[in-house]
Structures are given as structure tokens and as C-alpha cells.
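Thanks for coming. I will take you through one structure, a piece at a time.

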Amino acid sequence: MMKCTKSTKDKRSAANRNGLIALAGMVAAFGSGALAQAPPVAPTGSAVLAFGVLVGRWARTEGPYVINISAVDENGKLDASYANPRPLPFHTAEVTRDGNALKLFFELRAGGYGGSTYTLKYDAASDSLRGVYDQVVVRQKFDVVFNRTK
């Protein structure tokens, strides 16, 4: 039978500590390596689905102003047109995500508009587009609301 002395116990304790430290180091090294090698998660297209809620015909509450959005791509480019009441092309039509909010930006450069813009947010509760129309020609800004008609 072997007699345990204080020095033998200290050696065993040190060996156990070193073994646990080595084991922890291996787990950290191999565990994090496995995580680092995991393939990236592919986008699910949720941005496209979220943007898709904007497709439709939107009429401004005052006046004969209409925005038609027929499609949205995954980068936020809108296939959209404007009517007042005659059709006009948008120079820029895009949507971005700001947290849970969808922000829309439209720029008109057709005759008489000179770069006027609509900066709108989609309000899901009322299914409307709300924001500001900046009429640069007359240097005035107007609070506006567009409601879905189709």
C-alpha cells in the first residue's frame, strides 16, 4: 500500500488541474473551430416578402395623386408609377428597412416637379403610406397620407 504524503497529494492536485485546463482548452479550440466552420445561413427572402406588402394602388387623401407599385425586388427597387392625374415616371422609387419600419422614397423630375420628393413610411396598422411631400419648385413641404385602393 502506498502512503500519501502532502507532496504526493499536491502533485496529484496539480496534475488534475493541468488535465482540466488542457481539457477545457481542447473543448474551446475544437468547439469554436466547429462553430467557425459552420456554413453561413442563407437569406430566406423575408425582405422580399416584407417589401411585397407595398404592391398595390395608393391614393393620396387630398387630390388626384396616385402611386402604383407593381413590384419590389430584393434590393428595394420599386417598379412604380405616379399619376396627377396623368401618368408621370418616377426618377427614383425605392424602399429600405429601418428596424421594423419600411421607408419609401420617390423622386419626380418630370416637367414641373424639378426633383420633388415623397418620403413615406408604411403604416401596417392603417395599411397606409404616411410622410412628407417636398415640393421643391414652390419650396413647400406637406404632410401626406396615401391609402390603399387595390
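This is a predicted model: local features need pLDDT of at least 70, side-chain atom pairs count only at pLDDT 80 or more; totals for chains, interfaces and linings use all residues.

Together with V137 and V138, V136 makes a nonpolar surface patch of about 220 Å².

Now the chain as a whole. The protein chain has 2 helices and 9 strands. Reading from the N terminus, the order of elements is α-α-β-β-β-β-β-β-β-β-β. Of its 150 residues, 27% count as buried.

How are the strands arranged? The 9 strands make an open sheet with antiparallel pairing, in the order 4-3-2-1-9-8-7-6-5. At the edges are strand 4, residues 87–89, and strand 5, residues 92–98. Each of these two has a single partner strand, so one side of each has no neighbour in the sheet. From one strand to the next, the twist averages 25°. As a reminder, strands of a sheet pair through backbone hydrogen bonds, in a parallel or an antiparallel way.

Strand 7 and strand 8, the latter being residues 128–135, run antiparallel and are joined by 7 bridges. If you look for T117, its bridge partner in strand 8 is D134.

Last, the aromatic rings. How many aromatic pairs does a search of the whole structure find? The search gives 8. One of them is Y82 with Y118: the ring centres are 5.6 Å apart and the planes stand at 55°, so this pair is tilted. Where do the two residues lie? Y82 belongs to strand 3, residues 78–83, and Y118 to strand 7, residues 116–123, so the pair ties together parts 36 residues apart in sequence.

Why does Y82 count as buried? Because its relative accessibility is 1%, and the cut-off for buried is under 20%. Y118 also has a relative accessibility of 1%, so Y118 counts as buried as well.

Both tyrosines belong to a cluster linked by ring pairs, whose members are Y82, F90, F106, Y113, Y118, Y133, F142 and F146.

How values were computed: Residues are numbered from 1 along each chain as its sequence is written. Side-chain values use heavy atoms; hydrogens and water are left out. Rings of Phe, Tyr and Trp (its six-membered ring) pair if their centres lie within 6.5 Å; planes under 30 degrees apart count as stacked, over 60 as edge-to-face and the rest as tilted. Helices (H or I, at least four residues) and strands (E, at least two) are DSSP runs, numbered from the N terminus. Buried means under 20% relative accessible area, exposed over 50%, partly exposed in between (1.4 Å probe, protein chains only). Two strands pair if DSSP finds at least two bridges between them. Axes are lines fitted to C-alpha atoms, for helices over the stretch in contact, and angles run from 0 to 180 degrees between N-to-C directions. Patches are made of residues with over 30% relative accessible area and no salt bridge: like charges are joined within 9 Å, nonpolar side chains (Val, Leu, Ile, Met, Phe, Trp, Tyr) within 5 Å. Accessible areas come from the Shrake-Rupley method with a 1.4 Å probe; for residues, only the protein chains shown count as cover. A salt bridge is a side-chain nitrogen of Lys or Arg within 4 Å of a carboxyl oxygen of Asp or Glu.
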